Amino acid sequence: MAEVHLPLQDSLQAASPAVPGSLEPRLVAFVCRWCTYAGADLAGTSRMTYPPNVRTLMLPCTGRIDVAFILRAFLEGADGVLVSGCHPGDCHYTAGNYRARRRWILLRDLLDTIGVDLRRLQLAWISAAEGAKWVKTIQNFTDEMRQLGRYEPMQRLAADFTPELALADGQPNGYAALPAAAPVAVHADSPLGQALAQALQAGAVKAILGWKKQATLGRPQAACIVDPQALVELVIPPRAGNLARLFKHPEIRQIQPIGVITRRAEALAMNVLIQEKQLDPGRVVAFAVDGAGHFLGLADPPGALKKIEAAEASVPPPDPGASTTGLWAALDRLMAQPREERWAFWMKQAQKCIRCYACRGACPLCNCHECLMDKNVPQWFPTAADGPGNFAWQLIRAFHLAGRCIGCGSCQEACPAGIPLGLLDAAMMRSVWKHFGYRSGMDPAAAPLQSDFRTDDRAEFIL
Amino acid sequence: MTVLTVTTSRPDTAAAAARTSTMLSRAGLDRWLSALLAAERRILAPVEVAPGRTEYRQLATVAPAATGLGRGLPVMSPKQAWFPRTEPLLRITREGRAISIADPNLKFRPTIIFGARPCDAAAPEILAPLFGWDSHDVFFEQRRKNLAFVVLACRQPVDAACFCTSVGVDPTGENCGDVLLTEWEDGRFWAEAHTPVGEELLAVIPADEAAAAPDPAVLAARRKQWRANALRRFDSQRVAGALREHFDDPMWKDWAAACVSCGTCAFVCPTCHCFDLQEQMHGSEGLRQKNWDACTFGLFTRHTSGHNPRPDRASRWRQRVNHKFRYYPEKFRRLLCTGCGRCIRQCPAGLDLLANLVALDALAPAALSVTAPALDRAAAAGVAAGAPANSPNIYRPYLMKIAALREEAPDVRTLRLEFADPDEGGKFDFRVGQFGLYGALGEGESTFCIASSPTQRGYIECTFRAAGRVTRALRRLDVGDTLGFRGPYGNSFPVEAWKGKNLLFVAGGIGLPPLRSVLAYCLDHRADYGQITVVYGAKTSADLVYKEELATWEKRTDMDLRLCIDWKPNANGRGLSQDAAEDGWRPINRHDPAATQLDSAQRRHTAFVPQLVAAVKPVAVNSVAIVCGPPVMIGFTIQSLRQSGFPDRDVFTTLENRMKCGLGKCGRCNIGSVYVCKEGPVFTAEEIQRLPHDS
Ligand SMILES: Cc1cc2nc3c(=O)[nH]c(=O)nc-3n(C[C@H](O)[C@H](O)[C@H](O)COP(=O)(O)OP(=O)(O)OC[C@H]3O[C@@H](n4cnc5c(N)ncnc54)[C@H](O)[C@@H]3O)c2cc1C
Ligand code: SF4
Ligand code: SF4
Ligand code: FES
């Protein structure tokens with residue numbers, strides 16, 4: 001068995017060197033050391049033979065097999081990727097494989113949305129005793145990949161990219177920008193204005209997070225207001241980002257208790273932050289407002305969401321499963337297209353990305369202390385706004401938000417390149433709903449989706 | 001300070017151009033475009049890509065131009081035409097241990113930007129001095145050479161975010177572009193060539209387009225009106241003055257409070273030009289790339305150690321505004337802004353550059369002193385920035401072979417490098433204190449000083465600590481392996497001016513390598529200098545680098561070497577122990593270092609470097625001190641030296657800002673009007689005091 005004792009990063013490069021002209025498929029297998037690796041070893045010591053096309057990389061557990069590894073393997077030129085570990089119930093670390101399975105369920109839907117051929121990603125449970133299953137799996141996978149041929153579209157990512165495409169591409173992105181409406185002023189004598197002034201003057205909150213209007217164009221600007229006199233500047237924009245993103249800044253987190261003008265989007269986002277232990281609900285006073293900016297009362301973030309849901313009962317919340325309007329309709333149209341068309345659509349979108357990270361900055365939940373894309377030891381993905389780099393960024397962003405994204409649309413609104421990021425997030429929201437009946441931001445007491453599992457999560461796609 | 005008004009994309013030819021002009025109907029304009037397309041020019045023009053949204057697109061046919069011409073301002077500037085978001089600078093091929101490099105394509109297609117507004121057309125001219133000072137960025141310069149602008153005059157500002165007239169850009173484009181189009185009352189366009197290139201472009205216009213030219217007097221009157229339509233919002237000189245006075249004001253925090261540390265403002269901007277150098281391999285083939293970067297990203301200036309000179313959003317936004325309206329004008333005599341307003345329209349957080357500038361104008365001191373920049377130093381003269389002679393590509397390194405390597409301390413290694421091409425090696429020269437960029441080809445480049453002395457010919461040495469991506473990759477290399485080297489870069493220590501003086505060298509940890517070069521030089525010219533004292537310290541004795549040289553220097557009688565290692569913590573974990581950190585290392589008097597009696601038999605001490613400096617009681621008269629090490633050590637040492645009577649102008653140190661290009665192009669090392677990679681890294685403590693203190 002060809003195994004490589006190098007850091008993972010280098011192994012990946014070594015595992016799939018570019019052999020121009022070769023028609024043999026190159027496969028990469030990520031295996032858990034306790035089960036599949038031992039099974040493959042057994043196959044070796046029992047002198048069973050199987051095609052040499054696969055390079056095997058051993059990891060401690062399927063739970064350690066990051067989606068980044070899989071994407072990286074494809075970007076390095078793998079024609080097929082196999083991930084395999086212990087059967088359910090047999091994980092050496094109890095539940096690593098269950099957690100991994102959740103990720104695979106989401107990853108498969110994400111890859112399907114962007115038009116990756118799912119036959120290229122094979123998932124299997126192979127125990128230490130199943131040397132024969134390993135051999136058969138590799139044999140079948142290799143045969144299938146031989147039939148499919150090299151994974152050309154993926155391997156052309158770098159070559160097909162023209163740095164000036166944003167200039168060269170004459171196509172509009174086919175997905176209308178989100179509508180902008182004028183912000184509503186918060187009058188001092190309105191119920192909200194009075195409640196804010198009272199809370200600030202009485203010291204019930206030390207500051208208020210809200211929106212001001214930028215002087216030049218009147219665009220909304222997030223603000224942290226400490227001085228009651230400054231409350232007159234407040235407005236409520238119908239969209240424009242999500243105030244909960246301000247909790248990413250240490251200086252804002254230090255202000256306790258803090259008031260937040262809370263629309264549905266803020267309530268949902270704060271619920272996720274509470275759920276992920278990033279926000280102490282006891283230190284936040286939510287000033288709940290409905291879609292039109294009417295004050296609904298004070299509460300903690302979960303309470304604010306309830307008030308808003310009650311007030312907006314006439315407006316059905318987007319149902320990721322069934323809704324056929326807006327974003328969901330656009331998603332339906334996209335998914336009705338053949339896989340190759342979806343791939344072409346997303347690659348065109350990815351080409352436009354300039355890697356400004358406005359989407360990341362504007363998102364209330366993109367809150368990693370250090371983003372994977374900013375890490376360089378190892379350097380997982382190119383930082384350049386090129387084919388492979390943008391492909392990786394779009395997928396990593398969407399995947400890391402799967403089960404967390406609350407659909408506020410801040411990313412898409414922020415994107416200067418006009419990329420329909422919300423569409424990818426919507427696909428993940430629908431996937432999360434379909435497979436797990438889960439809607440993020442609804443229940444701050446629930447376990448975060450990607451760190452949770454159920455023993456009866458879907459499994460039929462796993463060999 | 002005079003800030004030039006930017007007038008044309010090609011000033012050198014503008015004056016000489018005999019103007020030709022013509023009146024064009026809308027249909028005539030289309031026919032002209034068709035003719036240009038037929039001439040195989042690449043044409044970029046504003047095209048409506050979604051309702052209300054225009055973008056510069058490459059035209060395949062004439063039709064799309066009708067949707068965008070004169071409608072709003074494209075969301076992105078056309079800067080990719082002279083500065084693509086990612087551009088290959090070097091091709092790298094790696095076969096096993098063998099590495100070869102080649103220049104990428106340096107030929108660029110002639111391109112016309114058609115229907116650009118004057119604010120977009122003004123940008124390349126603003127950037128020309130940066131990409132061309134001292135060394136020439138052939139990528140920018142070749143692209144620019146192949147670029148022509150057909151400019152469309154503005155009769156009205158696009159919206160309230162336009163402020164071209166405040167930064168000296170003329171919205172009527174009277175002298176702007178190769179061809180200026182002015183839309184006339186009857187819907188026709190008055191086309192005027194401003195350059196020979198423009199005349200060539202106009203020459204392809206079909207001859208039947210002969211209509212009466214506008215009356216010059218009427219045209220002049222209209223232009224006056226159109227200029228007046230674009231209100232002047234601030235005075236750029238007053239803004240520069242206010243920026244100087246209000247560096248530390250709390251308003252920066254307010255102004256940047258909503259910032260999300262993205263790169264949008266810089267990426268949509270026609271003049272933002274900071275870039276990152278990155279390398280990536282795909283199998284055996286790889287690239288060095290120039291990628292857009294932005295000073296608003298937290299990563300921009302962060303050192304590998306985690307130390308960040310601009311750690312928060314306020315200091316980064318302040319840098320952006322200062323760079324555009326103060327530093328760049330001080331250095332290149334041009335405002336780094338064309339007033340297009342894109343950052344105001346596109347900032348996802350709604351930051352408002354224009355409002356900030358208006359506020360700064362109001363803050364400006366009544367009497368504007370036309371002060372020179374805080375530091376206006378000539379770039380290192382004498383030694384040209386090194387580039388292999390056979391290539392115009394300043395980002396192309398020399399190939400070097402590792403001739404020897406030596407482990408200095410845990411994670412610290414010295415490499416001796418010989419030029420793969422001995423001819424290049426023979427011609428290579430540098431001065432003490434200069435640095436270079438050492439490339440693990442395919443992984444990237446790191447900045448290290450040249451640690452050997454120029455008196456040692458035929459090779460150079462560097463000493464580095466394996467810290468991040470590149471240095472770890474460099475550490476994986478072995479004797480015989482190839483790496484890339486660019487340099488020598490930066491200024492040097494004024495060893496000539498120091499003749500006859502006493503020299504005090506102070507170094508901490510990995511700070512000895514830059515001093516080793518100077519020290520080796522001065523020891524080679526020993527008779528030229530007075531007393532030589534060296535104070536060097538590290539965390540533990542194992543962390544001291546150049547152990548062999550230290551042993552030799554310890555024995556020399558014509559210099560005084562003092563070594564120290566850190567105090568060990570008290571047994572109870574609180575505070576520091578009075579005891580020696582290791583055997584053979586004698587503690588100094590920690591509470592009153594100067595009271596310590598030093599003798600020449602005992603050169604090893606337990607102390608922090610600044611304490612040992614005090615204990616050495618250096619003579620300040622007719623002396624200079626040279627200090628290198630971690631920022632904290634440098635700070636305390638300078639204080640200690642002040643107490644010993646050293647004036648700041650006699651204390652020399654090196655600033656180790658994060659660097660990428662080493663050529664004064666990428667903007668990363670910029671502090672004030674200084675590019676540390678060119679005008680540094682050597683500064684006196686006095687000069688550092690005068691720099692904006694965000695380093
Ligand atoms: C003028 C000068 C002289 C220096 N001399 C030495 C020396 O002699 N020995 C030594 O060990 N170190 C020296 N340094 C610091 C050294 O450049 C960095 O520690 C090193 O580049 C880190 O690279 P990395 O790949 O390990 O880190 P990464 O964080 O992976 O950095 C990757 C990239 O960032 C740049 N970078 C990161 N940190 C710094 C930094 N602090 N300064 C400059 N560029 C940085 C690198 O150039 C590289 O391109 C010097 C720095 C400067 C500016
Ligand atoms: S905001 Fe748009 S262009 Fe910027 S990084 Fe995100 S997807 Fe790319
Ligand atoms: S000012 Fe705006 S565009 Fe610039 S970094 Fe900050 S958030 Fe991004
Ligand atoms: S300008 Fe690039 S390192 Fe100084």
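Visitor: How many residues of chain B are in contact with chain A, and how many of chain A with chain B?
Guide: Happy to start there, keeping in mind that this is a predicted model. Contact here means heavy atoms within 4.5 Å. Counted that way, the chain A side of the pairing has 56 residues, and the chain B side has 58.

Visitor: What area is buried between chain B and chain A, and which residues of chain B lose the most area to chain A?
Guide: The size of an interface is often given as the accessible area lost when the parts come together. For chain B and chain A the buried area is about 4,100 Å², and carbon and sulfur atoms give 51% of it. On the chain B side, three residues together account for 16% of what that side buries; they lose the most area to chain A, and they are B:Arg57, B:Arg85 and B:Arg469.

Visitor: Why is the site of ligand 1 shared between chains?
Guide: Let's look at the shell first: it holds 23 residues, and those that come nearest are B:Glu445, B:Thr447, B:Gly468, B:Arg469 and B:Thr471. The site is shared because the residues that surround ligand 1 come from chains A and B.

Visitor: Which element gives the largest share of the shell around ligand 1?
Guide: Three elements of chain B each supply at least two residues: strand E15 (444-449), strand E16 (460-465) and helix H16 (469-475). By class, the shell divides into 8 nonpolar, 9 polar and 6 charged residues. The largest share, 5 residues, comes from E15(B).

Visitor: What percentage of the area of ligand 1 does the protein bury?
Guide: A backbone N or O atom of B:Val470 sits 2.7 Å from an oxygen atom of ligand 1, and one of B:Thr463 sits 2.8 Å from a nitrogen atom of the ligand. An N or O atom in the side chain of B:Lys660 is 3.0 Å from an oxygen atom of ligand 1. Ligand 1 exposes 830 Å² when taken alone, and the share of this that the protein buries is 92%.

Visitor: Which elements of chain A give two or more residues to the shell around ligand 2?
Guide: Ligand 2 is surrounded by 14 residues, the closest being A:Cys353, A:Cys356, A:Tyr357, A:Cys359 and A:Cys415. The elements that give two or more residues to this shell are helix H14 (358-362) and helix H15 (387-400).

Visitor: How many charged residues are in the shells around ligand 2 and ligand 3?
Guide: The shell around ligand 2 has 12 nonpolar residues, 1 polar and 1 charged. Around ligand 3 lie residues of chain B, including B:Cys259, B:Cys262, B:Cys265 and B:Cys347, along with B:Trp317. That shell has 9 nonpolar and 3 polar residues.

Visitor: What area is buried between domain 1 of chain B and domain 2 of chain B?
Guide: The assignment places domain 1 at 11-229 and domain 2 at 236-363, with C-alpha centres 25 Å apart. Across the boundary, 45 residues of domain 1 of chain B are in contact with 42 of domain 2. Carbon and sulfur atoms give 62% of the buried area, which is about 3,700 Å².

Visitor: How far apart are the C-alpha centres of domain 1 of chain A and domain 3 of chain A?
Guide: The domain assignment of chain A gives domain 1 (2-158), domain 3 (184-312) and a domain 2 in two segments, 163-173 and 320-451. For domains 1 and 3 of chain A, the distance between the C-alpha centres is 47 Å.

Visitor: Where in chain A do A:Pro257, A:Pro378 and A:Arg355 lie?
Guide: Most residues other than glycine have a negative phi, and most peptide bonds are trans. The bond from A:Gln256 to A:Pro257 is cis, with omega near -10°, and the one from A:Val377 to A:Pro378 is cis with omega near -5°, while A:Arg355 has a positive phi of about 60°. A:Pro257 is in the loop between helix H9 (250-253) and strand E9 (258-262), and A:Pro378 is in the loop between H14 and H15. As for A:Arg355, its place is the loop between helix H13 (339-352) and H14.

Key:
Residues numbered from 1 in each chain as written. Chains lettered and ligands numbered in written order. Predicted model: local features only at pLDDT ≥ 70, side-chain atom pairs only at ≥ 80, totals over all residues. Heavy atoms only, no water. Near = heavy atom within 4 Å. Polar contact = N/O pair within 3.5 Å; in protein donor to acceptor, adjacent residues only side chain to side chain. Areas by Shrake-Rupley, 256 points an atom, 1.4 Å probe, with all protein chains shown as cover. Helix = DSSP H or I, 4+ residues; strand = E, 2+ residues; numbered from the N terminus. Nonpolar A, V, L, I, M, F, W, Y, C, P; charged D, E, K, R; others polar. Domains from an automatic or database assignment. Buried area = accessible area lost by both parts, 1.4 Å probe.
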